[in-house]
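Q: I have a structure open and would like to learn how its features are read. Please take me through it step by step.

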Amino acid sequence: MEWLKASVYPKGGWLRAGQYVLHRLTRLPDPPHRIARGIFAGVFISFTPLFGFHFFGAMFIALLMRGNVIAALLGTFFGNPVTFPLIAVGSVQLGHIILGTGVDAVPATQILSAFASAGGEVWSNFFTLFTGGDVEWGLLKHFYFGLFKPYLIGGIGPGLLAGLLCYYLSLPIISAYQKLRQKRRRDRAERTRAAVAQRLRATRSSKNANLPNADHK
């Protein structure tokens with residue numbers, strides 16, 4: 001129950017979760033353009049109906065684009081329980097418009113249950129290999145043409161738009177943050193060198209003050 005609650009509403013709220021993801025993205029040790037490509041991959045794959053394979057899809061696209069894989073995995077958090085209903089309904093409806101298959105459409109309120117039912121039919125048919133029962137693919141066929149295919153086709157356009165938007169928004173932010181971190185490191189190194197030099201001068205002055213005076217001797 002705690003895991004389910006955290007998946008719907010993470011501890012600290014979605015705002016804090018988003019800030020954590022942004023913090024992790026800006027601290028990745030890679031050039032900004034590679035991190036931004038990874039973010040694009042993660043956001044884009046979130047608009048596909050490949051539930052359970054978003055991480056693998058994001059990694060694959062990031063590798064093809066020579067983007068940062070960790071950024072791609074973090075980018076998949078664009079698809080979350082808050083955004084998924086909007087993504088799913090919009091992608092399915094757009095897909096049916098493109099394919100002209102609105103008659104076979106699965107109602108928006110039944111999208112989640114349709115995925116669960118299709119998964120159940122796949123597992124049921126798998127077990128018939130051992131039990132010898134009848135194989136039924138009617139539900140899965142309706143699921144594919146009424147939901148999965150429109151979702152896949154309809155999610156490409158919005159996924160590209162959202163991915164490109166996140167790419168161009170994150171690129172200057174990550175670049176500015178990395179430059180700020182580099183400046184802070186240089187300033188910290190300068191302060192350290194100045195403090196060491198001051199201590200060395202103080203030590204030398206103390207040693208010189210303790211040397212015997214030749215004229216007095």
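Predicted model: local features only at pLDDT ≥ 70, side-chain atom pairs only at ≥ 80, totals over all residues.

Q: Is Ala36 buried or exposed?

A: A residue is called buried under 20% relative accessible area, exposed over 50%, and partly exposed in between, with a 1.4 Å probe and protein chains only. Ala36 counts as buried because its relative accessibility is 0%.

Q: Which residues does Ala36 touch, leaving out those up to four places away in sequence?

A: A contact means heavy atoms within 4.5 Å. With residues up to four places away in sequence not counted, Ala36 touches Tyr167, Ser170 and Leu171. Ala36 and Ile173 are 137 residues apart along the chain, and their C-alpha atoms are separated by 9.9 Å.

Q: What can be said of Phe40 and its contacts?

A: Phe40 is also found in helix H3, and it counts as buried because its relative accessibility is 11%. Leaving aside residues up to four places away in sequence, Phe40 touches Met65, Leu160, Gly163, Leu164 and Tyr167.

Q: Where does Thr76 lie, and what does it touch?

A: Thr76 lies in the loop between helix H5 (69-75) and helix H6 (84-99). With a relative accessible area of 8%, Thr76 is buried, and, not counting residues up to four places away in sequence, it touches Gly42, Ile45, Ser46, His54, Phe55 and Ala58.

Q: How many helices and strands does the protein chain have?

A: The protein chain has 9 helices and 0 strands, so that its elements, read from the N terminus on, run α-α-α-α-α-α-α-α-α. Of its 217 residues, 31% count as buried. Among contacts between residues at least 6 apart in sequence, 71% join residues at least 24 apart.

Q: What is the accessible surface of the protein chain?

A: Accessible areas come from the Shrake-Rupley method with a 1.4 Å probe, and for residues only the protein chains shown count as cover. The accessible surface of the protein chain comes to about 14,700 Å², of which 66% belongs to carbon and sulfur atoms.

Q: Which residues make the nonpolar surface patch?

A: Patches are made of residues with over 30% relative accessible area and no salt bridge, where like charges are joined within 9 Å and nonpolar side chains (Val, Leu, Ile, Met, Phe, Trp, Tyr) within 5 Å. Here a nonpolar patch of about 640 Å² is made by Leu94, Ile97, Ile98, Leu99, Leu152, Ile153, Ile156 and Leu160. The elements giving two or more residues to this patch are H6, helix H8 (138-154) and H9, and the largest share, 4 residues, comes from H6. Ile97 has its place in helix H6 and counts as exposed, at 67% relative accessibility.

Q: How many salt bridges does the structure hold?

A: A salt bridge is a side-chain nitrogen of Lys or Arg within 4 Å of a carboxyl oxygen of Asp or Glu. The structure holds 2 salt bridges. In one of them the side chains of Asp187 and Lys183 meet at 3.1 Å, N to O; these residues are 4 apart in helix H9, and are therefore separated by about one helical turn. Glu190 forms a salt bridge with Arg193, the closest N and O atoms being 2.3 Å apart, and both lie in helix H9, 3 residues apart, about one turn of the helix.

Q: Which residues form the positive surface patch?

A: Lys and Arg count as positive and Asp and Glu as negative, while His and the chain ends are not counted; the place of a charge is taken as NZ of Lys, CZ of Arg, CG of Asp or CD of Glu. The positive patch is formed by Arg184, Arg185, Arg188 and Arg191. Arg188 lies in helix H9 (residues 156-210) and counts as partly exposed, at 46% relative accessibility.

Terms used:
Residues numbered from 1 in each chain as written. Heavy atoms only, no water.
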